[in-house]
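Please look over the sequence and the model below before reading the briefing that follows. The points are grouped by topic and can be checked against the coordinates.

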Amino acid sequence: MYAFGLLGVAGFVAKRHLQAIKQTNNTLLAAIDRNDCVGILDSYFPDTRFFLSLESFSAFLQSQPLDYLSIATPNFLHKSHCEFALRYGMNAICEKPLVLSAQDARELLVLEKNSNRKIWSILQLRLHPNIIALKKRVDSILAQDGARIFDIELTYITARGSWFFASWKGDETKSGGLACNIGIHFFDMLQYIFGAVEKNILHYKSMETMSGFLQCKHAQISWFLSISGKFLPQNSPARTYRCMRVDSEEVDFSGGFEDLHTQSYRQILQGKGFGIESSIPSIEIVETLRSIPLSREGRIHQLCEKMKGA
C-alpha cells in the first residue's frame with residue numbers, strides 16, 4: 001500500500017484520482033486545495049488530513065513522508081507542483097497537460113534525473129480499449145505497407161457554460177489555450193498511433209472553437225475542437241460528442257472513459273506508466289498552435305468549412 005497526497009482535490013478531475021487511489025488499494029493521507037469545498041473526501045478517504053496551503057502541507061511532510069503526489073491543479077501550476085513533489089521526495093502523477101511548453105518539460109527531465117523519483121503523466125486515451133485495438137490494426141497494416149497514409153477526421157465537442165471563460169481555463173496563459181485544455185490527449189493519441197507530426201496547420205481559432213490539419217508520418221488529419229453547443233448533432237441529448245473516422249470508418253470512443261485513470265494508476269504503480277518523454281510530442285503540437293498564423297493549407301474539416309469566415 002502506497003501513501004498518496006492529492007493536490008487540487010476540489011477540482012473537477014479530482015474524483016477520478018480519488019477513485020484510482022481507492023481502487024488500486026492505496027491510501028490518501030493528505031489532500032490540498034485553496035478551496036475548501038472538499039466534502040467528496042468523505043466518500044473516499046474520510047480520515048485524510050486536509051490542508052489549504054502548500055506551506056501547511058510542507059510542514060506535515062516533515063513528519064509524514066509520502067510515496068506519491070497526485071496533481072490535479074490548473075495547468076499553469078503543474079510544473080511548480082511537479083518540482084514540489086520531487087523536492088519532498090515524492091513521485092508525481094500529473095494530469096494533462098504535464099506542462100505548457102516543451103522547454104518546461106525538458107527542465108523537469110533534468111530535475112527528475114537528479115532525483116530518485118519519477119514524474120508520470122496521465123495519457124489516458126492510450127489505454128482506451130478501442131484506441132488500443134486501433135493501434136494494433138494500424139501497426140499490422142504498416143507492417144505490410146510501410147508507406148501507407150491514413151485519412152483521419154477527428155471531431156470533439158464538449159459544450160461548456162460561461163463559467164469556462166471566467167475561470168483560468170479561459171486564460172490562454174494559464175490553460176495553454178483551447179487546443180491544450182480540451183485537445184491535448186487527442187493530439188497525443190494521434191501522434192502515438194500515426195507517427196511524428198510533419199506539418200501542423202491552423203485553419204480557425206476563436207475563444208470557443210479551433211480547427212486545423214496535422215500531417216503525421218502515416219496520416220493526414222483534419223480536426224475540429226469546440227466548447228460551443230451549437231456544433232453538437234441536432235437533437236443530441238448529450239453535451240459531449242466525440243467522433244473519429246479512419247479512412248471513413250468510424251472509431252467509437254464515445255464512452256469507456258470512467259476507468260481510464262484507474263488503469264493509468266495501475267500501470268504507473270507497476271513502473272509502466274507514461275513519463276515526461278511521452279508527453280513532449282503533444283505539448284509541442286499545442287504549443288505551436290498558440291503561435292502560428294491561420295492558413296488554408298491542408299484538408300479543412302467539414303464543420304470548419306461550414307463556418308462563416310473560416
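**Briefing on the parallel sheet and its surroundings**

Ser 70 has Ile 93 of strand E5 as its bridge partner, and this pair belongs to the 4 bridges that join E4 to E5, two strands that run parallel. The model is predicted, and local features need pLDDT of at least 70, side-chain atom pairs count only at pLDDT 80 or more, while totals for chains, interfaces and linings use all residues. Residues are numbered from 1 along each chain as its sequence is written, and side-chain values use heavy atoms, with hydrogens and water left out. Helices (H or I, at least four residues) and strands (E, at least two) are DSSP runs, numbered from the N terminus, and two strands are said to pair if DSSP finds at least two bridges between them.

**The sheet**

- Six strands form an open sheet in the order E3-E2-E1-E4-E5-E6, with parallel pairing; its edge strands are E3 (49-51) and E6 (119-121), each of which pairs on one side only.
- From one strand to the next the twist averages 20°, where axes are lines fitted to C-alpha atoms, for helices over the stretch in contact, and angles run from 0 to 180 degrees between N-to-C directions.
- Strand E2 (residues 27-32) is joined to E3 by 3 bridges, the two running parallel, and Ile 32 has Phe 51 in E3 as its bridge partner.
- E1 and E4 pair in the parallel sense over 4 bridges, with Tyr 68 in E4 as the bridge partner of Phe 4.
- E4, H4 and E5 together make a right-handed β-α-β unit, a crossover being right-handed if, with the strands pointing away from the viewer, the path from the first strand over the helix to the second runs clockwise.

**Burial of strand E4**

- Which residues cover the two faces of E4? Tyr 68 and Ser 70 lie on one side and Leu 69 and Ile 71 on the other, and all are buried, that is, under 20% relative accessible area, whereas exposed means over 50% and partly exposed lies in between (1.4 Å probe, protein chains only).
- In a regular strand the side chains alternate between the two faces of the sheet.

- Helix H3 (residues 54-63) lies across E1 (3-7), E2, E3 and E4 (68-71), running at about 145° to E2.
- Helix H10 (residues 260-269) packs on the sheet as well, touching E1, E4, E5 (91-94) and E6, and its direction makes about 150° with that of E4; contact here means heavy atoms within 4.5 Å.
- Phe 57, Ser 58, Phe 60 and Leu 61 of H3 are buried. They lie on the same side of H3 because they cover an arc of only 160° around the axis, the arc being that of the directions from the helix axis to the C-beta atoms.
- On the other side of H3, Glu 55, Gln 62 and Ser 63 are exposed, while the buried residues of H3 pack against E2, E3, E4 and helix H4 (78-87).

**Phe 84 in helix H4**

- Phe 84 lies in helix H4 and counts as buried because its relative accessibility is 4%.
- Not counting residues up to four places away in sequence, Phe 84 touches Leu 54, Phe 57, Ser 58, Leu 61, Leu 69 and Met 90.

**Backbone exceptions in loops**

- Most residues other than glycine have a negative phi, and most peptide bonds are trans.
- The peptide bond from Lys 96 to Pro 97 is cis, with omega near -15°, and Pro 97 is found in the loop between E5 and helix H5 (102-113).
- Asn 25, although not a glycine, has a positive phi of about 60°; Asn 25 sits in the loop between helix H1 (14-23) and E2 and counts as exposed, at 57% relative accessibility.
- Ser 248, also not a glycine, has a positive phi of about 75°; Ser 248 lies in the loop between strands E11 (240-246) and E12 (249-251) and counts as exposed, at 64% relative accessibility.

**Cysteines**

- A search of the whole structure finds 0 disulfides, a disulfide being a pair of cysteine sulfur atoms within 2.5 Å.
- Cys 216 is in no disulfide, and the nearest cysteine sulfur, that of Cys 180, is 17 Å away; Cys 216 counts as buried, at 0% relative accessibility.
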